[in-house]
Amino acid sequence: MMKIRARRQPEEAEIIIIPMIDTMMFLLMFFIVASLALAVQNGLPVNLPKASTGVQHSAQNVTLTLDQAGNLHLNTKAIAVADETTELKTLGVTDSTLVIINADGRVSHGMVTSVMDNARKAGVERFAIATQ
């Protein structure tokens, strides 16, 4: 005599979401790191002086860069020191605009003072001097 076994019901299919969560976390971290790498700074590379009490500012509105040769750059555009006031006014600076001064460590104090004075003539009240 032959025994007939009852057929088992197939197990209900399950969606395993743990690998999907791992993949989504990996993609999220990838895009976070990629977006941080795309952050743009509005200055030119110069050798900044060191300061132990320096504070990093997160809101950079306008950057004035003085290189070792005494050339002035507004963000990345080369300008003459005499034209600084008109260029800043054209940019639409206000008294709440933060101007970051990236001055090479070998630039004279008088040159930095002159750049700050011209910026004040344009209406700038807030300054920050970049350091390492």
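Strands S1 and S4 pair in the parallel sense, over five bridges. The model described here is predicted. Within this pairing, Thr-63 has Ile-100 of S4 as its bridge partner. S4 also runs parallel to strand S5 (residues 126-129), and four bridges join the two. Here Leu-98 stands opposite Arg-126 in S5. Between S4 and S5 the chain passes through helix H3, and this β-α-β crossover is right-handed.

S4 is mostly covered, with six of its six residues buried. Leu-98, Ile-100 and Asn-102 point one way from the strand, while Val-99, Ile-101 and Ala-103 point the other way.

In soluble globular proteins, nonpolar side chains tend to be buried together. The largest nonpolar core of this model has 19 residues. Leu-66, Leu-88, Val-99, Ile-101, Val-112 and Phe-127 are the residues with the most contacts inside this core. At least two residues each come from S1 (62-66), strand S2 (72-74), S4 (98-103) and H3 (109-121). H3 gives the most, with four residues.

Leu-66 touches a number of residues beyond four places away in sequence, among them Val-46, Leu-72, Ala-103, Met-111, Val-112 and Val-115.

**Asp-104**

Where does Asp-104 lie? Asp-104 is in the loop between S4 and H3. Asp-104 counts as buried because its relative accessible area is 6%, and the cut-off for buried is under 20%. A polar atom of the Asp-104 side chain lies 3.0 Å from the backbone nitrogen of Arg-106. Leaving aside neighbours within four places in sequence, Asp-104 is in contact with Val-46, Asn-47, Leu-66, Asp-67 and Gln-68.

**The aromatic pair**

A pair of aromatic rings is described by the distance of the centres and the angle of the planes. The count for this model comes to one aromatic pair. Phe-30 and Phe-31 form this pair, with 5.4 Å from centre to centre and 70 degrees between the planes. The arrangement is edge-to-face because the angle is 70 degrees and the cut-off for that class is over 60.

| Residue | Relative accessible area | Class |
|---|---|---|
| Phe-30 | 47% | partly exposed |
| Phe-31 | 53% | exposed |
| Asp-104 | 6% | buried |

Phe-31 counts as exposed because its relative accessibility is 53%, and exposed means over 50%. Phe-30, at 47%, is partly exposed.

Key:
Residues are numbered from 1 along each chain as its sequence is written. This is a predicted model: local features need pLDDT of at least 70, side-chain atom pairs count only at pLDDT 80 or more; totals for chains, interfaces and linings use all residues. Side-chain values use heavy atoms; hydrogens and water are left out. Rings of Phe, Tyr and Trp (its six-membered ring) pair if their centres lie within 6.5 Å; planes under 30 degrees apart count as stacked, over 60 as edge-to-face and the rest as tilted. Buried means under 20% relative accessible area, exposed over 50%, partly exposed in between (1.4 Å probe, protein chains only). A nonpolar core is a set of buried Ala, Val, Leu, Ile, Met, Phe, Trp, Tyr and Cys residues joined through side-chain atoms within 4.5 Å. Contact means heavy atoms within 4.5 Å. A polar contact is a pair of N or O atoms within 3.5 Å; within protein, one must be able to donate a hydrogen and the other to accept it, and residues adjacent in sequence count only if both atoms are side-chain atoms. Two strands pair if DSSP finds at least two bridges between them. A crossover is right-handed if, with the strands pointing away from the viewer, the path from the first strand over the helix to the second runs clockwise.
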